[in-house]
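Welcome, and thanks for taking a look at this one. Below is a short briefing on helices, their packing and a few backbone details.

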Amino acid sequence: MSSSVKSSSLVLCLLPMFSQQLEYIGCNPLAETGRSKLQNQRAVLNQQILKAVRLRAGAENLLRYVATNNNKVREQVLLELSFVNSDLQILKEELEGLNISVEVYQNTEETFSIPLVPLGLKETKEVDFTVPLKDFILEHYSEDSSEYEDEIADLMDLRQACRTPSRDEAGTEMLISYFLQLGYVENRFFPPTRHMGILFTWYDSFTGVPVCQQNLLLEKASILFNIGALYTQIGTRCNRQTKTGLENAVDAFQRAAGVLSYLKETFTHTPSYDMSPAMLNVLVKMMLAQAQECVFEQISLPGIRNEFFTLVKMTQEVAKVGEVYMLVNTAMNQEPVKENIPYSWSKLAQIKSDHYKALAHYFIATILCDHELQSSDDEDQQEKALSQLYDYMPEGLMVLTILKDKVQRKQLGKAHLRKAIVYHEEALRVCGLCKKLRNIDVLQEVLTAAHKRSLLKYAQQDKEDDFLSLIQAPDILPKTEHKVETVAPQFSKVKVKDFFHRLGPLSVFSAKQRWTAPRTIRFRCEAGELGFSLKGGSPVQTYCLDPVCSAALMGLKEGDYIVSVGGVDCKWLGLNEVLEKIKSMGEQPIEIEVISCQDTTASMHSKSATYSVGMQKTYSLICLAMEEDKIDQTKKAPPKLPFLSWGTKNRQKAASTLCLPSAVDGSSQIKKKLSPFTLLNTESSLY
């Protein structure tokens, strides 16, 4: 057989493998774009980092327990540990280089704009739901688990597709659909009293350190992070040379900030650096700053007219951009974020802060140097507008005097130009010190062009009386008429159908409820009477049962749920539909299947890893969930929260102390159909 025939056969064999994934809109696993190649490189690096972490953990354990007394062995272990640490540091630097590879995420058309920073998606390992879910269906729901193989396969295919989402709105909708589907899965298959034995592994997007836990909340939190990260990549891809592109970029960064803020407020004590509250707080600030930057670009897109009031407005707008980036840079240099944030990100925030502050001083210098007060000008309006730019004036200067005095105007204008040049030079200096940033050509071009423009403006001014021009330019008050805010995620706009719909209504058939196996009841109507009444719906429930009726004698109990009539599943049928099916059997014996509720024990939270500020000192982080430690009953101990706390009960107290309420014995059943959206409703009970 020729090589071409073999290759054709191989393609035909692999085609069915990808066909299932390709049916998901928003997934593009075969795309060989720069972004997908970057994603593959990150995945390889994550695996190498995992190997190095394991070697380091082994060396640390050997040093701790074996090499304490033998000096020779101890020296060898220390040498091996230093080698592993060096190798791990090199891998981390390579991963950081990929994380700040902003070029592949930018718009492909030629632009003259400072690049924006996207977030990389978190990587994960494959998860096999088949055996645990099939066992749970058989054990808990007493159904033939082989009939649910297609549903389990759909869940796994959707998860696999979410590993390679397309960088567009369809990709975010696919991730949101999986996040909502996890709400159904959690309610159906993850009881609060025990683990399901499914190990979820996710890699930190900054350090590559793996986090492994038997906790579905880690999966949900990581998917939320990827939704926010995907929005940032969509924002950086927008064409910032058009009004529509800038509007889309602003919207994308606001949505990214909203998702990351929602993640910070909803999931607490996450055992991963990139999802820690401190890191998420910085990322939210950075996304809002980039949205504010796009707003300024949107305002200045038609061009900035050299007119007094226009320049006043632009001065305050661009000063606002410089201020928000200064706050971002400050936040990035605080512990514990400083150890894990990419170095080039904090430097880029500093560069942008200096650059936009320089532009603000350049604009106000243009006002003072190019616009002399004319007799036809509104003196009061100009005085009011100019006074809004300053918190204070240099000693001996008044706003009205500056407007009327040509010499003072020129002196203050030159002072602002000198300050603009200082900021420009600082931005260029910082850019030159960072290897990653100085290789970005468009960044160098923008900074250099702005610097030359300020130098040219300063050279155009008269040179006489320079000694009289040594006043210090006051700081400019930032102000914006287009304040950006976080946009909360709108999960309700994505419609999702429960894969395991056939198990029955979620309000009844959930992992928290325990039921007997279905029992078959065969009985006859006596004088046209059933001997019991029905209530509720989906499924219907028996009540007012006559203890001597035929159905009761065959084993029917008060409060039983009817799950089938005459072999026809009726979990989703209403009261009238069930009665019609029973009546349709006429004089024949009636056969129904019922289940009875069993007493459930109160749920217990499981002990899991929590995020710690000191975790940056070690990268041997393999967090495995553990069973709850036994607590002495004589001691009063506060209940321990899981590593990810989901809920809204304590939202008014503090966003970082949200907890998952425990199930209560004997609680009444909720009659309405539940969905993952109930998790987002502050007025409804969770689950």
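Predicted model: local features only at pLDDT ≥ 70, side-chain atom pairs only at ≥ 80, totals over all residues.

Helices here are DSSP runs of H or I with at least four residues, and strands are runs of E with at least two, numbered from the N terminus.

**Helix packing around α11**

- Helix α10 covers residues 308-332 and helix α11 covers residues 343-370; their axes come within 8 Å and cross at roughly 160°.
- That angle makes α10 roughly antiparallel to α11, because angles over 145 degrees count as such.
- The crossing of α10 and α11 is left-handed, and the residues of this contact divide into 19 nonpolar, 7 polar and 2 charged.
- On to the next partner: α11 also packs with helix α14 (residues 406-433), at an angle of about 160° and with the axes 8 Å apart.
- Here too the angle means that α11 is roughly antiparallel to α14.
- The crossing of α11 and α14 is left-handed, and its contact residues comprise 16 nonpolar, 6 polar and 6 charged.

**Helix geometry and burial**

- How far apart are the end C-alpha atoms of α9? They are 35 Å apart, which agrees with the 34 Å that the 24 residues of this helix (residues 277-300) should span at 1.5 Å a residue.
- Helix α9 is largely enclosed by the rest of the structure, because 17 of its 24 residues are buried.
- Helix α5 (residues 149-161) passes a similar check: its 13 residues should span 18 Å at 1.5 Å a residue, and its end C-alpha atoms are 18 Å apart, which agrees.
- Which residues of α5 are buried? They are Glu-151, Ile-152, Leu-155, Asp-157, Leu-158, Arg-159 and Ala-161.
- A reminder for reading such a list: an α-helix has 3.6 residues a turn, so residues three or four places apart point the same way.

**Thr-266 in α8**

- Thr-266 belongs to helix α8, which covers residues 243-266.
- Is Thr-266 buried or exposed? Its relative accessible area is 3%, so Thr-266 is buried, the cut-off being under 20%.
- The Thr-266 side chain reaches the backbone oxygen of Tyr-262 at 2.6 Å.

**Cis peptide bonds**

- The peptide bond from Glu-335 to Pro-336 is cis, and its omega is near 0°.
- Pro-539 has its place in the loop between β4 (533-536) and β5 (540-543).

- Ser-142 is not a glycine, yet its phi is positive at about 55°. This serine, Ser-142, is found in the loop between α4 (130-140) and α5.
- With a relative accessibility of 28%, Ser-142 counts as partly exposed, because that class runs between the 20% and 50% cut-offs.
- Cys-544, a residue other than glycine, has a positive phi near 50°. The loop that holds Cys-544 runs between β5 and α17 (550-553).

Note on methods. Residues numbered from 1 in each chain as written. Heavy atoms only, no water. Expected span 1.5 Å × (residues − 1). Buried < 20%, exposed > 50% of the residue type's maximum accessible area, 1.4 Å probe, protein only. Axes fitted to C-alpha atoms, helices over the stretch in contact; angles between N-to-C directions. Parallel < 35°, antiparallel > 145°, perpendicular 65-115°, else oblique. Left-handed = near helix turned anticlockwise from the far one by under 90°. Nonpolar A, V, L, I, M, F, W, Y, C, P; charged D, E, K, R; others polar. Polar contact = N/O pair within 3.5 Å; in protein donor to acceptor, adjacent residues only side chain to side chain.
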